[in-house]
Amino acid sequence: MTLALGCIADDYTGASDLANTLTKAGLRTVQTIGVPAADLRLPEVDAVVVSLKSRSIPAEEAVARSREAAAWLNARGAGHLLFKVCSTFDSTDAGNIGPVTDALRTDAGEAIALVTPAFPETARTVYLGHLFVGAVPLAESPLKDHPLNPMRDSNLVRVLARQSRAEVGLIDLATVARGGQAVSERLDALAREGKGAAIADAVLDPDLTVLGEAALTRKVSTGASGLGLGLARALVSTGRVTPAAAESDLGGPIGGPAACLAGSCSQATLGQIARAEAAMPVRRLDPARLLAGEDEAGAALAWAMERIGDGPVLIASSAGPDDVAAVQARFGRDQAGHTIEAAMARIAEGLVANGVRRLVVAGGETSGAVVDRLGLPAFRVGPEIAAGVPVLRTTDRDMWLALKSGNFGGPDFFADALRLMP
Ligand SMILES: Nc1ncnc2c1ncn2[C@@H]1O[C@H](COP(=O)(O)OP(=O)(O)OP(=O)(O)O)[C@@H](O)[C@H]1O
Ligand SMILES: O=C(O)[C@@H](O)C(=O)CO
């Protein structure tokens with residue numbers, strides 16, 4: 001297998017977002033969970049997205065895992081490496097976007113990497129280095145209250161510089177408007193000034209085509225699905241990939257019980273849980289009881305097992321910013337996050353042990369904890385449920401999954417997902 005594109009995603013929902021984008025753009029794509037074992041059999045593909053759970057771990061671990069993934073992808077001939085980060089640039093001043101980009105770039109012998117989280121289709125735009133989420137700057141968006149990495153600075157040149165060894169420059173929209181060659185020349189000029197990374201503006205979809213063309217002239221870039229789309233277009237337009245139709249046959253229906261788990265506290269997910277109340281039984285975990293050591297997970301599982309024969313159920317830990325802040329003040333941010341994730345993983349394990357083969361999970365960290373506990377090695381990418389969220393089919397057993405990034409999906413996401421998981 002010679003890969004046109006090797007991708008390293010810093011969380012599992014982000015990875016399936018990217019796998020979805022690449023598939024839609026005509027690249028045959030597989031999403032693996034972690035760096036694949038040597039004996040994992042994969043179909044012939046153009047792109048592999050290695051899903052890591054490295055967004056919120058110490059920077060040196062994120063670098064080590066990303067390097068391992070890069071080595072695996074390079075050994076399969078990856079022509080270009082994309083480090084997939086969140087379109088809202090989720091990270092802290094301690095990392096991990098800067099350190100991982102620095103490491104992958106220097107290992108590849110490159111002086112500079114193009115970096116952009118822009119994805120106009122999902123209303124993430126970058127202008128003069130400032131990230132906008134919909135109509136507001138990042139620091140005024142709900143991401144300012146994210147449970148793990150509150151984003152309080154919209155200027156990504158500054159944000160990335162605080163995390164990076166290298167200095168960070170800007171490729172502004174005026175340069176992007178002059179095309180791929182101009183962007184590439186600007187990268188060279190910034191590298192001569194000693195910059196190791198450059199935040200690139202992109203406001204409209206065609207800007208991604210320009211950035212993809214320029215990024216492909218180097219071995220490493222960092223971005224969200226928007227840059228993935230640009231790279232996919234460049235691979236197709238330069239004839240390096242012959243576009244394929246999306247896989248229509250992922251295997252027959254699986255049936256049986258279905259369940260949804262939500263650990264994301266994003267506004268979108270909170271709204272989707274509220275809407276789901278009309279369609280299925282919903283159980284809300286009590287994080288304070290859970291963190292005090294009560295068996296909330298066991299109780300939720302027992303609750304689910306009483307109902308699962310009658311239709312899908314949803315179990316959620318999600319809460320609004322004030323409740324999250326109160327729990328974090330009492331138990332600590334990391335302790336709260338990890339304990340709730342572990343409870344979700346335990347519930348998922350119990351559900352699957354009791355026959356659930358159709359599982360929807362909301363939240364990147366939450367999905368990571370669940371998928372790791374279930375020991376699923378890789379997914380093929382099916383139809384799109386909502387922008388950035390495909391249906392996934394495990395390669396080693398009969399199971400449907402959907403891993404939803406916190407901010408993604410329409411109001412009826414949970415019902416929409418289950419409809420596409422027969
Ligand atoms: N009620 C709660 N109080 C405090 N923390 C919570 C609560 N519910 C969930 N969490 C934690 O908040 C974090 C949510 O992160 P997660 O990545 O799952 O969602 P997200 O950030 O919205 O999704 P994405 O990364 O896909 O955008 C997890 O660590 C989860 O355990
Ligand atoms: O880029 C995005 O917004 C998503 O794929 C994601 O990574 C959210 O966690």
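This is a predicted model: local features need pLDDT of at least 70, side-chain atom pairs count only at pLDDT 80 or more; totals for chains, interfaces and linings use all residues.
Colleague: What box do the C-alpha atoms fill?
Modeller: Roughly 65 × 45 × 35 Å, taken along the principal axes.

Colleague: And how many helices and strands does the chain have?
Modeller: The chain has 15 helices and 18 strands. Of its 422 residues, 58% count as buried.

Colleague: On to the ligand. Which residues come nearest to ligand 1?
Modeller: His146, Ser264, Glu341, Glu365 and Thr366, out of 22 residues around ligand 1.

Colleague: What classes are in that shell around ligand 1?
Modeller: There are 11 polar, 7 nonpolar and 4 charged residues.

Colleague: Which domains does the shell draw on?
Modeller: Domain 1 (5–238) and domain 2 (258–420) each give at least three residues. As for helices, α13 (333–353) and α14 (364–374) each supply at least two.

Colleague: How far is the polar side-chain atom of glutamate 341 from an oxygen atom of ligand 1?
Modeller: That distance is 2.5 Å. Glycine 337 has a polar backbone atom 3.0 Å from a ligand 1 oxygen. For aspartate 11, an N or O atom of the side chain is 3.5 Å from an oxygen of ligand 1.

Colleague: How much of the accessible area of ligand 1 does the protein cover?
Modeller: On its own, ligand 1 has 630 Å² of accessible area, and the protein covers 97% of that.

Colleague: Where is phenylalanine 89?
Modeller: Phenylalanine 89 is also in the loop between β4 and α3. Its phi is near 60°, which is positive although the residue is not glycine.

Colleague: Is phenylalanine 89 buried or exposed?
Modeller: Phenylalanine 89 has 0% relative accessibility, so it counts as buried.

Colleague: What about alanine 123, what is its phi?
Modeller: Near 65°, again a positive value in a residue other than glycine. Alanine 123 lies in the loop between β5 (113–116) and β6 (124–127).

Colleague: And what is the relative accessible area of alanine 123?
Modeller: It is 32%, so alanine 123 counts as partly exposed.

Note on methods
Residues are numbered from 1 along each chain as its sequence is written. Chains are lettered from A and ligands numbered from 1 in the order in which they are written. Side-chain values use heavy atoms; hydrogens and water are left out. A residue is near a molecule or strand if one of its heavy atoms lies within 4 Å of it. A polar contact is a pair of N or O atoms within 3.5 Å; within protein, one must be able to donate a hydrogen and the other to accept it, and residues adjacent in sequence count only if both atoms are side-chain atoms. Accessible areas come from the Shrake-Rupley method with a 1.4 Å probe; for residues, only the protein chains shown count as cover. Helices (H or I, at least four residues) and strands (E, at least two) are DSSP runs, numbered from the N terminus. Ala, Val, Leu, Ile, Met, Phe, Trp, Tyr, Cys and Pro count as nonpolar, Asp, Glu, Lys and Arg as charged, and the others, Gly among them, as polar. Domain bounds come from an automatic or database domain assignment. Buried means under 20% relative accessible area, exposed over 50%, partly exposed in between (1.4 Å probe, protein chains only).
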